[in-house]
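Biologist: Can you walk me through this model? Keep it brisk, please.

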Amino acid sequence: MSDKTPIIELRKVDKSFGPIDVLHEISLKVHEGEVLCLLGDNGAGKSTLIKTLAGVHAPTRGEILMDGNPVSFARPKDAQEAGIATVHQFGGTFPLMSIGRSFFAGVEPTKGFGPFRVYDRKKANEIAVKAVQDFGITRIDDGDRLVGGLSGGERQSLAIARAVHFGARVLILDEPTAALGVKQAAHVLRIVNEAKRRGLAVIFITHQVMHAMAVGDHFAVLIRGAIAADFRKGEKSREEIADLMAGGESMADLEANIEGYMETHEGHPPAPAR
Amino acid sequence: MTDATRNNSGAGPGFAGLLGIFRRTEVGAFAGLLIIFVFFSYFGWDRNFLSPLGAASWLNFASTVGIIAIPIGFLMIAGELDISVGAMVPASKIVLAIAVGFFGLNIWIGILLTILIAGGIGWVNGMLVTRTNVPSLIVTLATLFAVGGLTLFFSILITDTTQLGLTDADTDAASEFIFGTYHTFRLGDENGLTLWQGVQSSVFIWLAIVAACYYFLHVSPWGNWVFALGGDKESARNAGIPINQLKIGLFMLTAVAASIVGISETVLSNSASTTTQFTMIFNTIIAVVVGGVLLTGGFGNVLGIAFGTTTLAIVQQGINYTTFDRNLSNLIIGVMLLIAVLMNETFRKMATNWSSAKK
């Protein structure tokens with residue numbers, strides 16, 4: 001796989017806002033059919049990195065390549081047209097609209113001609129339901145139902161199915177499993193696997209190591225705007241990854257500290273660090 | 001959202017049927033209209049509430065509110081509000097009266113001018129809201145007073161009075177017919193069955209606007225953009241919907257609708273006054289909310305708004321045909337508004353928590 005051209009590649013990308021450097025020399029590659037898990041604590045620069053990929057920010061230095069060719073995005077729309085879709089939590093779905101209408105918001109299918117074009121409800125519902133069902137969410141069978149009535153996982157799946165249907169090749173998922181229950185998160189992880197099977201390049205941002213390990217082929221840990229670790233599946237254990245995400249501070253050390261403190265302080269835990 | 005609540009939702013056919021009704025707020029608005037209509041028909045029977053002239057009194061009232069309420073409803077669905085209509089109506093009246101009555105322009109040129117100026121003010125509203133991100137309630141509160149002030153200022157400056165008039169010579173038959181006359185329709189001769197009597201032109205304009213706006217919001221593809229805009233602004237932008245242009249367009253539509261009411265009232269009564277119509281602001285908002293549009297945006301129906309407007313008009317005008325004290329109409333409206341808001345909120349909760357476990 002490494003000799004193939006990656007769909008998207010970052011080469012030494014820096015991003016500064018005025019005097020503040022947020023990203024330092026980020027280099028990443030994502031091939032087709034591969035899931036890159038971007039891990040990192042709050043404030044590590046994950047959001048800035050995905051906004052740079054999505055065309056919200058332009059990199060200060062370095063370059064972004066798609067299929068080996070340098071690209072630059074002036075607006076988010078440019079990135080979308082190049083096939084980079086960002087799905088935020090529930091992004092792109094409207095709670096009080098029907099599934100069909102929500103799916104096609106902005107690109108409504110019509111029938112008729114000229115000024116008498118009318119919204120083609122039947123076609124929109126059919127396509128939307130089929131697109132979601134193809135991702136394995138068979139419980140969605142009525143395109144007239146309101147999106148707000150779906151479970152969190154179904155709604156997230158609808159958002160992902162929508163991005164894929166409209167031609168995304170690179171799928172950036174911004175914490176898609178946050179705030180979801182175990183079952184619902186499993187739903188979304190299945191969808192990520194399905195997207196991978198279809199040959200999309202997926203960039204999966206998450207806090208949850210378990211979710212990352214379930215789908216990831218390749219992991220990058222971001223600490224203070226730099227890539228602190230870059231490894232492939234199976235090269236590191238769950239504990240090691242959790243430690244890295246906690247900022248390099250070993251979780252085992254932390255636990256040992258707490259236990260040691262409790263032994264010498266009659267079983268009381270230490271005051272939380274401030 | 002858990003499996004447990006989903007199973008509860010599908011508990012029985014009765015509950016699902018109830019939800020089916022709640023899925024459409026305009027059905028609730030229609031039920032409200034029916035209750036109010038039957039109530040006033042019963043208590044106003046002896047006093048001709050249902051006679052053609054009686055019906056005309058509440059239909060005429062409904063039309064002036066209704067013409068403005070529909071674009072206001074669009075704005076509320078899109079998550080915005082426009083209270084500057086209270087000043088737009090008198091401003092349009094004064095512009096028309098000055099152009100036609102004072103400067104002697106042709107009535108059609110005056111009408112065109114009035115609509116253009118209104119569109120311009122709507123554009124300013126839209127630009128201010130989209131560029132500054134100040135809540136539209138405040139922006140249009142500012143333009144309400146600004147336009148009201150300008151109307152008074154120019155009226156005094158140009159004509160030295162705040163009450164202007166048109167003469168019969170200023171208007172022609174076509175403009176009277178379309179904008180401001182009383183229409184009567186009988187089958188056969190004088191003794192034939194009267195279908196309608198004393199109905200203002202604005203009622204027909206209202207019906208045309210209901211039809212056109214229903215097409216726009218529910219049939220054409222663009223209606224989807226309005227719902228998407230009110231549902232989630234950021235997602236709508238990401239979906240490629242030109243949200244700022246759409247918002248500006250809706251503000252312009254509202255201002256033009258207000259100007260049409262102004263034109264209609266001026267041509268009908270041949271007079272114009274600078275007085276700001278504060279009650280118009282409240283009436284349009286009440287009509288929209290009673291019509292089932294959610295205060296939080298993202299949901300509503302044109303027919304619902306028309307039902308809400310008619311309900312409001314029946315209570316406002318129909319009370320005169322009953323033995324109840326006229327002052328009680330505001331009490332009824334207050335209670336009605338409260339019930340409508342609670343029902344809309346219930347609808348929103350049900351709609352966003354309902355998964356179809358049935359089938």
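Modeller: One term before we start. A nonpolar core is a set of buried Ala, Val, Leu, Ile, Met, Phe, Trp, Tyr and Cys residues joined through C-beta atoms within 7 Å. Buried means 20 or more other C-beta atoms within 10 Å of a residue's own; exposed means 12 or fewer, partly exposed is in between, and C-beta atoms are placed from the backbone. The model is predicted: local features need pLDDT of at least 70, side-chain atom pairs count only at pLDDT 80 or more, and totals for chains, interfaces and linings use all residues. Residues are numbered from 1 along each chain as its sequence is written, with chains lettered from A and ligands numbered from 1 in the order in which they are written.

Biologist: How many residues are in the largest nonpolar core, and which have the most contacts inside it?

Modeller: It has 180 residues, and A:Leu171, A:Ile172, A:Val202 and A:Phe204 have the most contacts inside it. H4(B) gives the largest share of this core, 16 residues. Helices (H or I, at least four residues) and strands (E, at least two) are DSSP runs, numbered from the N terminus.

Biologist: What does A:Ile172 touch?

Modeller: Leaving out residues up to four places away in sequence, its contacts include A:Ile50, A:Leu53, A:Ala54, A:Ile84 and A:Ile203. Contact means C-beta atoms, placed from the backbone, within 7 Å.

Biologist: Switching to the sheet. What is the strand order in the open sheet of 6 strands?

Modeller: S6-S9-S10-S3-S11-S12, in chain A, with mixed pairing. Pairing needs at least two DSSP bridges between two strands. S6 (84–87) and S12 (226–232) of chain A are the edge strands, each pairing on one side only. Neighbouring strands are turned by 20 degrees against each other on average, direction ignored.

Biologist: Which helix packs on it?

Modeller: H5 (152–165) of chain A, touching S6 and S9 (170–174) of chain A. The direction of H5 makes about 170 degrees with that of S6(A). Axes are lines fitted to C-alpha atoms, for helices over the stretch in contact, and angles run from 0 to 180 degrees between N-to-C directions.

Biologist: In what sense do S11(A) and S12(A) pair?

Modeller: Antiparallel, over 6 bridges. The bridge partner of A:Leu222 is A:Ile227, in S12(A).

Biologist: How is chain A divided into domains?

Modeller: Domain 1 is 8–236 and domain 2 is 237–274. The bounds come from an automatic or database domain assignment. Their C-alpha centres lie 34 Å apart. 11 residues of domain 1 are in contact with 10 residues of domain 2. On the domain 1 side, S11(A) gives the most, with 3 residues.

Biologist: Now chain B. How many helices and strands?

Modeller: Chain B has 15 helices and 4 strands. Its radius of gyration is 22 Å, close to the 21 Å that the globule rule gives for 359 residues, so chain B is as compact as a globular protein of that length. That radius is taken over C-alpha atoms, and the rule is 2.2 Å times the number of residues to the power 0.38. Buried residues make up 51% of the chain.

Biologist: Is H10(B) enclosed or open, and why?

Modeller: Largely enclosed by the rest of the structure, because 9 of the 9 residues of H10 (223–231) are buried. B:Trp225 and B:Phe227 are among them. The cover includes H3 (99–103) and S8 (118–119) of chain A, and H4 (52–77) of chain B.

Biologist: How many residues does each chain give to the contact between them?

Modeller: 23 from chain B and 24 from chain A. H10(B) gives the most on the chain B side, with 4 residues.

How values were computed:
Contact = placed C-beta atoms within 7 Å.
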